[in-house]
Amino acid sequence: MITRKRLAAGVSALLVALTAGVAFPAAAVAGEPTGQAAPQVDLVLDVSGSMRTADIDGGTRMAAAKQAFNEVLDATPEEVQLGIRTLGADYPGDDRKTGCKDTAQLYPVSTLDRTEAKTAVATLSPTGWTPIGPALLKAADDFTAGDGSKRIVLITDGEDTCAPLDPCEVAREIAAKGVDLTIDTLGLVPNTKMSKQLSCIAEATGGTYTSVEHTDELTDKVNQLVDRAADPVVTPVATQGADTCAAAPTLKSGLYTDREEFTQQRWYRVDVKPGQELRTSVSVAADRAVNPSYGVLLRAVTVHGREIVRGEAAGNGRTDVISTGFRYPKVESDSGDDEDAAAETVCVQVTNSFSAASGVKTSPGLPLELTVDVVDGPSKASDVASFGLGRGWWLLGALILAGFVAGLLWGWLSRWRVAVWRTN
């Protein structure tokens, strides 16, 4: 059994850590990046009245945002489809209901016409409310269909003014739909309350939060996020575990994503032939406030319920991701007919012991990412207990032999020295 614990900002780090040195088959597998569809980015800009404040490098926040946008538009890679959405740009009045609907698509997510996009940004003037939640809901629908990465970059100078529609809950709902969408947030001259809200939005979708106080910082960070969208990514395949092994979906090698309620268990099935090894890892993200003392348990059991192997990890305090994994080698048969031998169905169970803090919603469930890798075993060993060691037994045997010989030599030398001492 291999148990590993990783505290990470992103799920991709877990995949690298737990499957290092293990290549997927040449054929396409679940969760493999295709690199065919164009990456898409939607820049969501706060144009509320507070953007008139002049506290960024001697100019207004709006001026800093416009300058950054112009530089970003010039530097956007050709393969990236980019759009711009505004919030608080059109309604200057005091009617809250109307102000909380004030979000519009300034430039559609498409192949970029830099001149047209710059002209649209130049017309913006700080105006109204800060409807972050409604803007994120609309932005999630701005993208065209496709397998390419999708990223929202939210730039704002204040927290949402349209409660009770909590933008953090909106981000969780977007993530729960199974859409491969990341939300990154940038806070202009942030305060504690705003930073907490923007961090929560980013965490809900695996994005990042950055505080910005200078124009060049804003330009550099937006450029970085737009460039990141063009990088090849592994897109997890959405699946839905079951309450029992009998009803669970059968998974092949790949990367999968699911949702798991607090203290819930999810079951999946994997077929493993003799001579193969199942390597599985899981991460469960605490995308909201959780109580101290929690854990994640990953078990492999037979269809009859007998435990084969397990991996578990526990923690205290606040963490973004808690992870664990295991390896299960399936022993080869003595007959040598393993190619035609029937596969064993292994039931994989994921259980968590997270509990919600007071006032925290437990729905949708916590983001779960599962890595499944079925590979040929590393040796011909017939003993399943030693199967994973491979040629490591030779080293163990050599060390035992060396220790035995060293013991004999030491004993002989000791007796010889005593004999010489007595003679003298």
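**Disulfides of the predicted model**

Counted in sequence order, the bonded cysteines of the protein chain pair 1-2, 3-4, 5-6. The model is predicted: local features need pLDDT of at least 70, side-chain atom pairs count only at pLDDT 80 or more, and totals for chains, interfaces and linings use all residues. Residues are numbered from 1 along each chain as its sequence is written, and side-chain values use heavy atoms, leaving out hydrogens and water.

**View 1. The Cys100 and Cys162 disulfide.** A search of the whole structure finds 3 disulfides (a disulfide is a pair of cysteine sulfur atoms within 2.5 Å). Here the sulfur atoms of Cys100 and Cys162 lie 2.0 Å apart. The S-S torsion is about -100°, so this disulfide is left-handed. Distant parts of the chain are linked, 62 residues apart: Cys100 sits in the loop between α3 (96-99) and β3 (103-111), Cys162 in the loop between β4 (150-156) and α6 (167-176). Helices (H or I, at least four residues) and strands (E, at least two) are DSSP runs, numbered from the N terminus. Both Cys100 and Cys162 are buried (under 20% relative accessible area, 1.4 Å probe, protein chains only).

**View 2. The Cys168 and Cys200 disulfide.** The S to S distance is 1.6 Å. A torsion of about -55° makes the Cys168 and Cys200 disulfide left-handed. Helix α6 holds Cys168 and helix α7 (residues 192-204) holds Cys200, 32 residues apart. Cys168 is buried at 4% relative accessible area; Cys200 is buried at 18%.

**View 3. The Cys245 and Cys347 disulfide.** Sulfur atoms of Cys245 and Cys347 are 1.9 Å apart. The link is left-handed, with -65° about the S-S bond. Cys245 lies in the loop between β7 (237-238) and β8 (254-260), and Cys347 in strand β14 (residues 344-352), 102 residues apart. Cys245 is buried at 11% relative accessible area, Cys347 at 1%.

Definitions and conventions: Buried < 20%, exposed > 50% of the residue type's maximum accessible area, 1.4 Å probe, protein only.
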